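Student: I am new to this structure. Could you show it to me and then take my questions one by one?

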Amino acid sequence: MAEEAKFKCLRCGHGFTAPYTPKVAEERACPKCDSNSVRRLKEKKDS
Amino acid sequence: MANKSSPEEIRIGVFVCQCGLNIAGTVECEDVAKFAEELPNVVYSDFQKYTCSEPGQQTIKDAIAEHNLNRVVVASCTPKMHEPTFRAAVQEAGLNPYLMEMANLREHCSWVHINEPKKATQKAMDLVAMAAARAKLLEPQMETKVPVIQKTMVIGGGVAGIQAALDLADAGYHIYLVEKQPSIGGIMAQIDKTYPTMDCSI
Amino acid sequence: MADAGRHPNIELLTLSEVQRVDGYVGNFKVTVLKKARYVDEKECTACADCLEVCPVVKPDEFNLGLSTRKAIYQEFPQAVPAAFVLNMEDCLGNEPIACGKCLEACEKRCIDYDDQDKEIELEVGTIIVATGMEVYDPTELDEFGYTQYENVITSLEFERLINSGGPTEGHLIRLTDRKQPKTVAFIQCVGSRCEKRGNPYCSNICCMNTIKDTLLIKDHWPEVQCKVFYMDIRAFGKGFEDLYKRSMAAGVQYIRGIPGDIYEDPKTKNLILTAEDTTTSELKKHEVDMVILSIGVVPPGDMDNTQQQLTLQRSADGFFLEAHPKLKPVDAATQGIFFAGCAEGPKDIKDSVTQAGAAAARANRLMRSGEVTVEAITSMVDPELCTSCGICARVCPYNAIYVDTKKKTPAVVVEAACAGCGTCSAECPFGAITMRHFTDEQIMAQIEAILAENAQDKIVAFACNWCSYPGADLAGTSRLQYPPNARLIRTMCSGRVDERFILKAFKLGAPIVLVSGCHFTDCHYINAVTWTQKRIEKLWDKLESLGIRPERLQLDWVSAAEGQKWARVMREVEQLREAVTAKEIEHTKRVITEDMLKKRTKKVKAKAEAVA
Ligand code: SF4
Ligand code: SF4
Ligand code: SF4
Ligand code: SF4
Ligand SMILES: [Zn+2]
């Protein structure tokens, strides 16, 4: 179930990948700055 | 909320606390109180040395009576500390306790901006303005009284759980002592002699 | 202990775990799972006839594996209740062919192989959390050789070893040759006071425990030499210093310095410790027969479960967080719940008992009057605006809203069940739900007041009542300094923060909006915080599609114990604020106003169509 997803920290700009399970709300923190403003980048559907 | 029989005029009183020097050491409380006078619906504003003290609370009660206040803003410390105090004070003066709003000038302002008194004072003014804006829209709330079941659950049957259970059981309450092991006793039961008296643990 | 078993007002529920807690102060509903004991607790007289016939031999957990027990057993002789327990996993089986010996042996017929786990429903007014502690497992500190050398044991194992009810009937022996050791070394702070491994805090009890152990040794076996390796000896309590002095006077050697490693002499099984005595800067080798690791105290492994059931909070050390360190040291932030003993932090027996007394007094105070006042900060549905979409019912963590989406009847709030988180209100797409004492209008008025002047200088920050707001308070009491540009709006839960509040703030020119709430495990409203996160994620997408940098909406989970984090977040968001340009703010104001207008015309159109 768990897949990899790309994340971006909206605090420090750090990009990273982490395991991600759709529909499961998980607390996330940026591995670099520890902020919780972590956004999952969605795959562009059209490409 | 709008169609009450006679729309009551909102009359806010603002009480700025110096907390000795805890707040006044950084924030110009007098300026903040003056600033608050100009805010919409504020009809009374002043500062006190210790608002939570007996005389401080009396000032609030007197001002409510004298100026016919129906909303109160106390700009002092965190509501986690004195919200119950000031709610009780306004209640004694005949107001619904939910018509009192606090602005946190101490934990969230004077103590964390010690080296920036100007900006801290500015922030304190904003915090008071926010509280007054909210106070204007506050409505009385009814607290409900609910019966308390005269039973306690104690989770954990170690020394602390046993002691708490015994104390309450002796006071006449029914206790459920929940323990995950087959016997109560916890870690204490594994210990031979205990300090400082060197007696047996069980 | 026996008093608790006998007391007419105490009902013992052993082999039991709390499964679910609902309700609120004065009226908690608890589900407890009582596991099968397979032995009738009331009938069993602990005659031990069954014990003699049981063929199974297993390591005894109570004696930490230093001795053995049967599949049917009693944890220890003074156990309360005094009944035996059958461990089904160890039992050979209930078929008489397989075994069934104990059943035959028991004259009173109190063994029942078909005993079942039971769910028990309780109703209580108050809850005391006395979940205690566990001891630190020194396996990871391999330089002490705990896993390699048999003569290296923990202080708790030592307790069992010298206990007259223990595996050696109280004889001091070492495990390899079962002979009395000549020299015993104690190593202090194992698993404590270390930032890298184990725990950073002082475990509070181990210094005195070691002093006590050395005195026990010296009293019974004065010829045994004791060496204590320590960093500091913390003998701060009443009578403690006396014991320390007595121990020194009895000839116990105290050496300031923790050994770097321990080796075993393969022939003698003696242990060789190398340690620097930091009082003399001398590096010395010590040969001893036995090493006792003075292990620290850690929060129990199943604490997460208790925490979530009761929506409690924990401090950085992992133990439960009290409502206020000085004013309410035994109260949880949740009304009606109190702490006793190590649940709240490492404590010795005296302190545990003292705190238990305090917790009992606090619970008594609450129950005595027979009633409590509860704040009615609940939600209200306006049936005129409700379209029966059912969203509120889906998000409510307490199932406190009922909507019949088929019959299209408006949502109904069960007030007694509503905890007042405000998630429903924030999620309702039609603005049909009002939160008492935290209305949309009140919050909007606060936002307007913040941004009335010099909006570009200000950060609009939302903080929840239980974690982030007190976290900011802690930054204050700790006098942590941070930039003065944020303005805090308190809500009960971050789940209350409606997307309209955030958009409104941006529309009025806020450069940065910060939403802060509890960590997921701390959430005071079961899982309301997960809706906060989902909402913010959606908003990031929306902002981006409007051409607004999503970075301007920030999210952080700050617990009541994280004053440091709060100050750090404040510094970081201030940096972000400085990067927001005036042009950007103007653009944001414009696009959001346009977007709101568009929505409004859409709604008006839809209404007109519906009427037509
Ligand atoms: S009300 Fe708060 S800020 Fe004022 S004196 Fe009392 S403790 Fe200090
Ligand atoms: S009580 Fe003593 S041995 Fe235990 S952690 Fe504290 S200082 Fe170390
Ligand atoms: S979310 Fe709003 S509109 Fe939908 S059922 Fe609940 S109250 Fe009604
Ligand atoms: S979501 Fe929260 S506020 Fe709404 S009904 Fe449920 S508990 Fe009450
Ligand atoms: Zn980051």
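Tutor: Start with ligand 3. Of the 14 residues around it, Cys386(C), Cys389(C), Gly390(C), Cys392(C) and Cys428(C) come nearest. A residue is near a molecule or strand if one of its heavy atoms lies within 4 Å of it. A word on the source: this is a predicted model, where local features need pLDDT of at least 70, side-chain atom pairs count only at pLDDT 80 or more, and totals for chains, interfaces and linings use all residues. Residues are numbered from 1 along each chain as its sequence is written, chains are lettered from A and ligands numbered from 1 in the order in which they are written, and side-chain values use heavy atoms, with hydrogens and water left out.

Student: What classes of residue make up the shell around ligand 3?

Tutor: The shell has 11 nonpolar residues, three polar and no charged. Ala, Val, Leu, Ile, Met, Phe, Trp, Tyr, Cys and Pro count as nonpolar, Asp, Glu, Lys and Arg as charged, and the others, Gly among them, as polar.

Student: Which residues surround ligand 2?

Tutor: Among them are Cys189(C), Arg193(C), Cys202(C), Cys206(C), Cys207(C) and Arg234(C). Strand E12 (183-190) and helix H5 (206-220) of chain C each give two or more residues to this shell. Helices (H or I, at least four residues) and strands (E, at least two) are DSSP runs, numbered from the N terminus. By class, the shell around ligand 2 holds five nonpolar, four polar and two charged residues.

Student: And what surrounds ligand 1?

Tutor: Residues of chain B, including Cys17(B), Cys19(B), Cys52(B), Cys77(B), His82(B) and Arg106(B). The classes here are seven nonpolar, three polar and one charged.

Student: Why is the contact between Arg490(C) and Glu83(B) called a salt bridge?

Tutor: A salt bridge is a side-chain nitrogen of Lys or Arg within 4 Å of a carboxyl oxygen of Asp or Glu. The closest N and O atoms of Arg490(C) and Glu83(B) are 3.1 Å apart, so the pair qualifies. The structure holds 51 salt bridges over all chains.

Student: What makes this pair a link between chains?

Tutor: Arg490(C) lies in strand E27 (residues 486-491) of chain C, and Glu83(B) in helix H3 (residues 79-92) of chain B, so the pair joins two chains.

Student: Are Arg490(C) and Glu83(B) buried or exposed?

Tutor: Both are buried. Buried means under 20% relative accessible area, exposed over 50%, partly exposed in between (1.4 Å probe, protein chains only).

Student: Why are Asp22(C) and Arg20(C) called partly exposed?

Tutor: Asp22(C) has a relative accessible area of 31%. Arg20(C) has 46%.

Student: Where do Arg590(C) and Glu594(C) lie?

Tutor: Both lie in helix H16 (residues 582-611) of chain C, four residues apart, about one turn of the helix. Arg590(C) is partly exposed at 49%, and Glu594(C) is partly exposed at 44%. Elsewhere, salt bridges that share partners join Arg11(A), Asp34(A), Asp556(C), Lys565(C), Arg568(C) and Glu572(C) into one network.

Student: How do you know that E15(C) and E16(C) pair?

Tutor: Two strands pair if DSSP finds at least two bridges between them. Four bridges join E15(C) to strand E16 (residues 271-277) of chain C, so they pair, and they run antiparallel. Asp261(C) stands opposite Thr274(C) in E16(C).

Student: What makes E15 and E17 edge strands?

Tutor: The open sheet has the order E15-E16-E17 (chain C). Strand E15 (261-264) and strand E17 (282-288) each have a single partner strand, so one side of each is left without a neighbour in the sheet.

Student: How many bridges join strand E3 of chain C to E8(C)?

Tutor: Seven, and the two strands run antiparallel. Leu33(C) stands opposite Glu119(C) in E8(C). The sheet order is E2-E3-E8 (chain C).

Student: How much of chain C counts as buried?

Tutor: Of its 612 residues, 57%. Chain C comes to 16 helices and 29 strands.
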